[in-house]
Amino acid sequence: GRVSRYGLVAFASSLDQIGPLAKDAHDCGIILNAIAGYDRHDGTSSKNPTADYTSKIGMDMKGVKIAIPKEFYGEGIDKEDADAVMKAAESYKAMGAELVECSMPSLKYAVPAYYLISSAEASSNLSRYDGIKYGHRSEIGENFNELICNSRAEGFGSEVKRRILLGNYALSSGYYDAYYGKAMGLRQKISAEYDSIFEKCDMILTPTTPSVAYNADENISDPVKMYKADICTVTVNIASLPAISTTCGYNNDGMPIGMSIIGKKFDEASIIGAADAFEKTFEYGAIPIINENDAVPVEEIVYGDNDSLSAIVAKLIKADALLILTDIDGLYDKDPHKDEDARIIPVVEEITEHLFEIAGGKGSKFGTGGMITKLQAAQIATEVGIPTIVMNGGDSDNIYRVLEGHQVGTFFTAK
């Protein structure tokens, strides 16, 4: 593994892993930088060189291929959860990523395979907790056998006992090949299916759980139902892959919905970068629109100009606002490149012919159509009730200032 497990209480040695828990993907990268690396005290610790796991923060999602395995969005997955993750997928698509539909047929066997493997390994790992060398020691016991039985009975909870019993049964003579052997065969099959997907794609997007978190007192009497809740995540441990989970939406009761981004082996930096890219848009509800001549590699879609394209997209998706970036601070009453006394127009309530006359010409040499096309875009958007702001894109913080309610650039009010 990427992170040493030295000091961790062993549960299932081939499945256990340590990862950071943080407020966002960027912080996960910072923490992983501190804890990753080879440790001679952990026999499963990887000697692969570590990287800077924040190196892909701010990565361009254009051209990134994201796999969408259909089994993760079908039977057993709440519609609200599946819809929220697919909406996140569309956000990645808007950033320039390519969504690739694929299949993972063995997913339906993942939970039983995982619990057979993990329980078998847990029964072996936990055998050391006998009250003599390790773990709780009972005060009751007339002899060696009674001491061990009472120590384990008192020290282990009902769920731990259940898994030890299942593990011992799976490893017992006559049942090893029927249960544990088949589970290990499924492990190889699941790993092979992931390898096949990663031959065509860079990462995989799935729900984190089939439903939102249940209350603390729910499902405690139905362990099988609780086990099934792990279906979206256990394959990552089975195949020894890195993954990151982040919030991608909320259900009707306001409960958070999680999505998981699964990456290739030892490619933690990419999934952290991808999670960060989504978090930045999800936090503010913003969707970036790519220039038309960058979005289509072969034959350009002709809308006339990029500004009009952005307005049309905003209209189609019923956006709450349209932000148009340019190389000047907004609409001026004169050409700011020629007149030092030019003043910015902070608010425009109606787009008139006079404004088009003020904006005349092709704009600066750094522009992408000049102020005229930006006025035309604002006209398209405001006519369907979408307020528009034209502002300087040279300072990326301007976007955050607008979304936080500050006056930036020229604001065109919606009709």
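How many residues apart are Glu 159 and Arg 162 in helix α5? The answer is three, in a helix that spans residues 158-171, so the two are separated by about one helical turn.

The model is predicted: local features need pLDDT of at least 70, side-chain atom pairs count only at pLDDT 80 or more, and totals for chains, interfaces and linings use all residues. Residues are numbered from 1 along each chain as its sequence is written, and side-chain values use heavy atoms, with hydrogens and water left out.

View 1. Glu 159 pairs with Arg 162. The closest N and O atoms lie 2.4 Å apart. A salt bridge here is a side-chain nitrogen of Lys or Arg within 4 Å of a carboxyl oxygen of Asp or Glu. By this rule there are nine salt bridges. Helices (H or I, at least four residues) are DSSP runs, numbered from the N terminus. Glu 159 has 23% relative accessibility and is therefore partly exposed. Arg 162, at 34%, also counts as partly exposed. The classes are buried (under 20% relative accessible area), exposed (over 50%) and partly exposed (in between), with a 1.4 Å probe and protein chains only.

View 2. Lys 374 and Asp 307 form a salt bridge, with the closest N and O atoms 3.1 Å apart. The pair links distant parts of the chain, 67 residues apart. Lys 374 sits in α13 (residues 370-382), Asp 307 in α11 (residues 306-316). Lys 374 is buried because its relative accessible area is 2%. Asp 307 is buried as well, at 4% relative accessibility.

**View 3. Asp 341 and Lys 334.** These side chains meet in a salt bridge, 3.1 Å from N to O. Asp 341 has 41% relative accessibility, so it counts as partly exposed. Lys 334 is partly exposed too, with a relative accessible area of 37%.

**View 4. A salt-bridge network.** Lys 23, Asp 24 and Asp 27 are linked in this network.

**View 5. A nonpolar surface patch.** Leu 8, Ile 18, Ile 31 and Ile 35 form the patch. Together they have about 270 Å² of accessible area. Areas come from the Shrake-Rupley method with a 1.4 Å probe; for residues, only the protein chains shown count as cover. Patch residues have over 30% relative accessible area and no salt bridge; nonpolar side chains (Val, Leu, Ile, Met, Phe, Trp, Tyr) are joined within 5 Å, like charges within 9 Å. Leu 8 lies in the segment before α1 (25-35). Leu 8 is partly exposed, at 39% relative accessibility.
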